Amino acid sequence: SAKLYIIPKNRRPLTLSKQAIEKLVKSDQYWEKDNPAISASLAEIFKGGTPQTNQDKARLIHAFVVNTLKYDTSRLNNEGIERLGAITALNNPNSAVCMEFTDLFIALSRAAGIPARELDGFAYSQNKNLRPLSLSPDLLHAWPEYYDEEKGWLMVDPTWENTSGGVDYFNKFDLNHLVLAV
């Protein structure tokens, strides 16, 4: 069983230490934030000027990821789906699944100085092909969250926005995602 709360038990956002922030903005295997393609994409995203808040930056990055990548349902039929990472997703935008949407959002966010991380778990969908089927086999989902100094950790899901016709994660609370691992 699980309990979901609309208002967090601890209303104060968690303050990240300098060390935690450094870890959550660094480049990683799938989050190649220092790659020139990521820098070029970020320059395009912020061509009108760099927003001041992490939330405003994340909103623009989220829109870019949603509008750049295309969900490839044919990859779900492959056993052992290979994770591509942010750069491969950027170079092959028509072959993305939730991992690539997540990886690209995280890489761009980290390049913009926003602490970001991956969440894994179950997400309820109206699409019967994307729903968890049972405990074995199951269809886990990945989505990102970013850190906002005023609000704490905020999840977004560019995959759902891309595949469901739009979910406004910046103004609404979502009860369709259950995190199993950070």
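This is a predicted model: local features need pLDDT of at least 70, side-chain atom pairs count only at pLDDT 80 or more; totals for chains, interfaces and linings use all residues.
User: What is the overall make-up of the protein?

Analyst: The protein has six helices and four strands. From the N terminus, the order is α-α-α-α-α-β-β-β-α-β. Of its 182 residues, 41% are buried. Take the contacts between residues at least 6 apart in sequence: 65% of them join residues at least 24 apart.

User: Where is Lys57, and which residues does Lys57 touch?

Analyst: Lys57 lies in helix H3. Leaving aside residues up to four places away in sequence, Lys57 touches Phe46, Thr50, Pro51, Gln52, Ala112 and Ile114. Leu42 is 15 residues from Lys57 along the chain, and their C-alpha atoms are 9.9 Å apart.

User: How do you know where the buried residues of H2 sit around the axis?

Analyst: Helix H2 covers residues 36-45, and its buried residues are Ile38, Ser41, Leu42 and Ile45. They span an arc of only 100 degrees around the axis, so they are on the same side of H2. An α-helix has 3.6 residues a turn, so residues three or four places apart point the same way. On the other side of H2, Pro36 and Ala43 are exposed.

User: What do the buried residues of H2 pack against?

Analyst: They pack against H3, helix H4 (85-91) and H5.

User: How is the packing of H3 and H5 described?

Analyst: Two packed helices are described by the angle between their axes and the distance between the axes. Here the axes of H3 (residues 54-68) and H5 (residues 98-111) come within 10 Å and cross at roughly 145 degrees. The crossing is right-handed.

User: Which residues meet there, and of what class are they?

Analyst: H3 brings Ala58, Ile61, His62, Phe64 and Val65. H5 brings Phe101, Leu104, Phe105, Leu108 and Ser109. By class, the contact has eight nonpolar, two polar and no charged residues.

Notes:
Residues are numbered from 1 along each chain as its sequence is written. Side-chain values use heavy atoms; hydrogens and water are left out. Axes are lines fitted to C-alpha atoms, for helices over the stretch in contact, and angles run from 0 to 180 degrees between N-to-C directions. Helices (H or I, at least four residues) and strands (E, at least two) are DSSP runs, numbered from the N terminus. A crossing is left-handed if the near helix is turned anticlockwise from the far one by less than a right angle, and right-handed if clockwise. Contact means heavy atoms within 4.5 Å. Ala, Val, Leu, Ile, Met, Phe, Trp, Tyr, Cys and Pro count as nonpolar, Asp, Glu, Lys and Arg as charged, and the others, Gly among them, as polar. Buried means under 20% relative accessible area, exposed over 50%, partly exposed in between (1.4 Å probe, protein chains only). The arc is that of the directions from the helix axis to the C-beta atoms.
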